[in-house]
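The entries follow the order in which I looked things up.

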Amino acid sequence: MTTKPRTANHVGKNQTSVKVENTSSILRAIYETSDISRADLVRLTGLTAPTVSRIVFFLVEHGVITESPGKRNGVGRKPVVLHFNGRSRYIVAIDFSWAHVRVAIMDLGGGILDRSEHAIDPRGQAKAEFEIAISAIQESLNRHPGIKIIGIGFAAPGLINSESGTIISIPNFPSIRNLQVRQLLEERFGYPTFVVNDANAEAIAEKFFGQGRDASDFVLVHLGYGIGAGLIVGGRLYTGNFGVSGEIGHTSVDRRHGKWCDCGNRGCLELYAGLRAVLEDVSVRLGRQVQFIELQQLASEGDGKVLEVLKDKGELIGYALVNIVNIVAPQRIILTGQVAALGSPIFEPMKHVISERCFYRVADQISITLSSLAENSTLLGAMTIVLDDFLEDPYSFLNVHAEHHPKKVSRPA
Ligand SMILES: [Zn+2]
């Protein structure tokens, strides 16, 4: 399984070389099975025993995999079993959003070594707000000297050009325009940097660690302040032609009279069913300011007025999901984000709309579930974007980057 796209072009290696492909298929097999013998690798990959041995030797030498004695199968020697060593390298993951930037150092198995969260102001200046992320990364790295970092994964909402590593814009974060994230982070830290849309990151996280592991076609829908979707089609992330896809939050639910959106469209779903709109409408309905924690409480207690507002929001989201089902026909829809976390008051009206409005029988065959990855799913996705590239072409990381010290910082912090 691979969830390309290749989101960075910094390595410039020959991707199609047989050596890279063979190494990648062996490394992925070891990663996915977690323990496997050389003989099973030969069977699984179709490569010759000497090729498998040579590649395994290289990966053991670099600490990416380890060996241990396996269970004896009948008589004879115990086979040696190979394991993926998740803690041989680390990845810096960043979840940059309207209210916060979260920074984590994660191992290759998704374990968190270090995590911090800092407030962001979407009305602030892009440079100053981005500097908060840079300082947080530096502080995290300072806390763990000597670990081997293979790259940085940066996830943000809005329009992202992953090819150039740029945030083109984030709706309702007006100062961010064409922010050259990859260039800035690579200049500063010297690690290969990947920039990805947050919903796309979450989709990849589901493919590797969550409820998309056994599905080839699924849609991850993020229902938070923003609403967006990440599409996995044929086992791969589908990012569209401009690196932009799945922007269901910017499909119009009121084309004539709707509010104007930052994206250029009118009456966008996000303006009506995003967390901000949900909180505003509940506050108006109750005649006082309501924050998310209280909303969650009121929803779980079954407050009548709150349930009415949430029913309307759930239905709006349901219509958007009907559109997705009609276009993509996924096996599964996985929901994440704070609005999804409100549970059945959103889910039930949403599912009702889907069963009513989708093609006959299609609705019954699509499973709709809540993500199990919780609030770290964006961080996990940012990490996985780098991990996936590492599994695809380990040489470019092991030979070029990981064994070298990061570039010297050439400009003041
Ligand atoms: Zn919009």
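**Entry 1: the whole chain.** I noted before anything else that this is a predicted model. I counted the secondary structure of the protein chain and got 14 helices and 16 strands. I then looked up the radius of gyration, which is 23 Å, while the globule rule gives 22 Å for 413 residues. The two values are close, so I wrote the chain down as being as compact as a globular protein of that length. Along the principal axes, the C-alpha atoms fill a box of roughly 75 × 55 × 40 Å.

Entry 2: I traced an open sheet of five strands in the order 14-13-12-15-16, and its pairing is mixed. Which strands stand at the edges? I found strand 14 (236-238) and strand 16 (367-370) there. Each has a single partner strand, so one side of each is left without a neighbour in the sheet. From one strand to the next, the twist averages 25°.

Strand 12 (residues 218-223) and strand 13 (residues 227-233) run antiparallel and are joined by six bridges. As an example of residues facing each other, I noted F218 opposite I232 in strand 13.

Entry 3: Between strand 1 and strand 3 (residues 80-84) I counted two bridges, in the antiparallel sense. S37 has V81 in strand 3 as its bridge partner.

**Entry 4: a helix pair.** I turned to helix 10 (residues 304-328) and helix 11 (residues 344-357). At what angle do their axes cross? I read off roughly 40°, with the axes coming within 7 Å. That angle makes helix 10 oblique to helix 11. The crossing of helix 10 past helix 11 is right-handed.

I then listed residues where the two helices meet. From helix 10 they include L307, L310, I317, L321 and V325. From helix 11 they include I346, F347, M350, V353 and R357.

Methods:
Residues are numbered from 1 along each chain as its sequence is written. This is a predicted model: local features need pLDDT of at least 70, side-chain atom pairs count only at pLDDT 80 or more; totals for chains, interfaces and linings use all residues. Two strands pair if DSSP finds at least two bridges between them. Helices (H or I, at least four residues) and strands (E, at least two) are DSSP runs, numbered from the N terminus. Axes are lines fitted to C-alpha atoms, for helices over the stretch in contact, and angles run from 0 to 180 degrees between N-to-C directions. The radius of gyration is taken over C-alpha atoms; the globule rule is 2.2 Å times the number of residues to the power 0.38. Angles under 35 degrees count as roughly parallel, over 145 as roughly antiparallel, 65 to 115 as roughly perpendicular and the rest as oblique. A crossing is left-handed if the near helix is turned anticlockwise from the far one by less than a right angle, and right-handed if clockwise. Two residues are in contact if their C-beta atoms, placed from the backbone, lie within 7 Å.
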